[in-house]
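Here is a short briefing to read alongside the model. Have the sequence and the 3D view at hand as you go through the points.

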Amino acid sequence: MLLLVEWTDGKHVLYSPSVRLGCFAMSTHDVIVAILDGPISRNICSLRRLANACAYNLLAGASRLQHRTTLAMGKGMGARSRGYRSCTRDLFSKKPRDKNYNPPLSTFLRTYKVGDTVDIVCNSAQQKGMPYKFYHGRTGTVWNVTRRGIGVEVNKVHRQRQLVKRIHVRVEHLRPSNSKAGHLARVKSNEEKKKAAKESGVPCATSELKRSPKGPRDGFTLDLGKTFETKVHTLTPVPYVFKPLSKSIA
């Protein structure tokens, strides 16, 4: 910072070329900070105090200017959008055959009850009742049924916590979930086996009630009469013999 003192009409004028960047900007040229009466020897202490005050205010003004510049970043043309539906160009896109707003009637005639498991899949053709993009593709449980929406509970993992989020979604953005279909079918079959075992008096094996990995298929004998041309072709591999390249002498 450069401070200049001049004698103008019997007065001392203190200039600062850098004040334009601070908080005292009053003109486009060098700004007059203070005017002192009398000779400079009498006001040397006042000049020092003014110089220190100018330096402090310049630093404060530059800090505020830098803060405003930092806040201004990300605005205007070319800035990244941070709206409610940002980054959903592909997430909410639809297939060409489905690019219309005429969902099947089963979407509206379907009955949801408290405790049902549903999948949240946003339908971009209906903007009303659309959940936030985080919940797209999530599975939740119905906890409330209203006139125009369905209340769904979704688990959200945040750092070391698991939060239960409650949202209301329109039926256009919901579909019944098949995530428990296999489990419910196995429970039903196990109950039938237990009932049959109780009626017959023969206890059911525990291994039949538990899930077991699918093993290999059973062996069988191939009927050669049904093969192509009723003839067996035996294929033998040809041994690989390495032959190094030899230079031909002309």
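Of the 250 residues of the protein, 18% count as buried, where buried means under 20% relative accessible area, exposed over 50% and partly exposed in between (1.4 Å probe, protein chains only). This is a predicted model, so local features need pLDDT of at least 70 and side-chain atom pairs count only at pLDDT 80 or more, while totals for chains, interfaces and linings use all residues. Residues are numbered from 1 along each chain as its sequence is written, and side-chain values use heavy atoms, with hydrogens and water left out.

**Fold**
- The protein has 4 helices and 8 strands; helices (H or I, at least four residues) and strands (E, at least two) are DSSP runs, numbered from the N terminus.
- Read from the N terminus on, the elements run β-β-β-α-α-β-β-β-β-β-α-α.

**Salt bridges**
- The count comes to 2 salt bridges, each defined as a side-chain nitrogen of Lys or Arg within 4 Å of a carboxyl oxygen of Asp or Glu.
- Arg166 pairs with Glu153, and their closest N and O atoms are 2.8 Å apart.
- Because Arg166 lies in strand 7 (residues 161-169) and Glu153 in strand 6 (residues 150-158), this pair ties together parts that are 13 residues apart in sequence.
- Arg166 is exposed at 51% relative accessible area, whereas Glu153 is partly exposed at 24%.
- Glu172 forms a salt bridge with Arg170, with the closest N and O atoms 3.4 Å apart.
- Glu172 is buried, at 9% relative accessible area, and Arg170 is partly exposed, at 23%.

**Largest pocket**
- The largest pocket has a volume of about 520 Å³.
- Lys94, Asp98, Asn123, Glu172 and Arg175 are the closest to its centre among the 24 residues that line it.
- Helix 2 and strand 8 (174-176) are the elements that give two or more residues to this lining.
- The lining residues divide into 8 nonpolar, 9 polar and 7 charged.
- A pocket is an open set of points on a 1 Å grid over the protein atoms alone, where a 1.4 Å probe fits, with protein on both sides within 12 Å along at least five of seven lines; lining residues have an atom within 4 Å of a point.

**Surface patch**
- Tyr101, Leu105, Phe108 and Leu109 form a nonpolar patch on the surface, with about 440 Å² of accessible area together.
- Such a patch is made of residues with over 30% relative accessible area and no salt bridge, nonpolar side chains being joined within 5 Å.
- Phe108 belongs to helix 2 (residues 106-109) and is partly exposed at 39% relative accessibility.

Terms used: Patches are made of residues with over 30% relative accessible area and no salt bridge: like charges are joined within 9 Å, nonpolar side chains (Val, Leu, Ile, Met, Phe, Trp, Tyr) within 5 Å. Accessible areas come from the Shrake-Rupley method with a 1.4 Å probe; for residues, only the protein chains shown count as cover. Grid points are joined across faces, edges and corners, and a volume is the space filled by probe spheres set on the points. Ala, Val, Leu, Ile, Met, Phe, Trp, Tyr, Cys and Pro count as nonpolar, Asp, Glu, Lys and Arg as charged, and the others, Gly among them, as polar.
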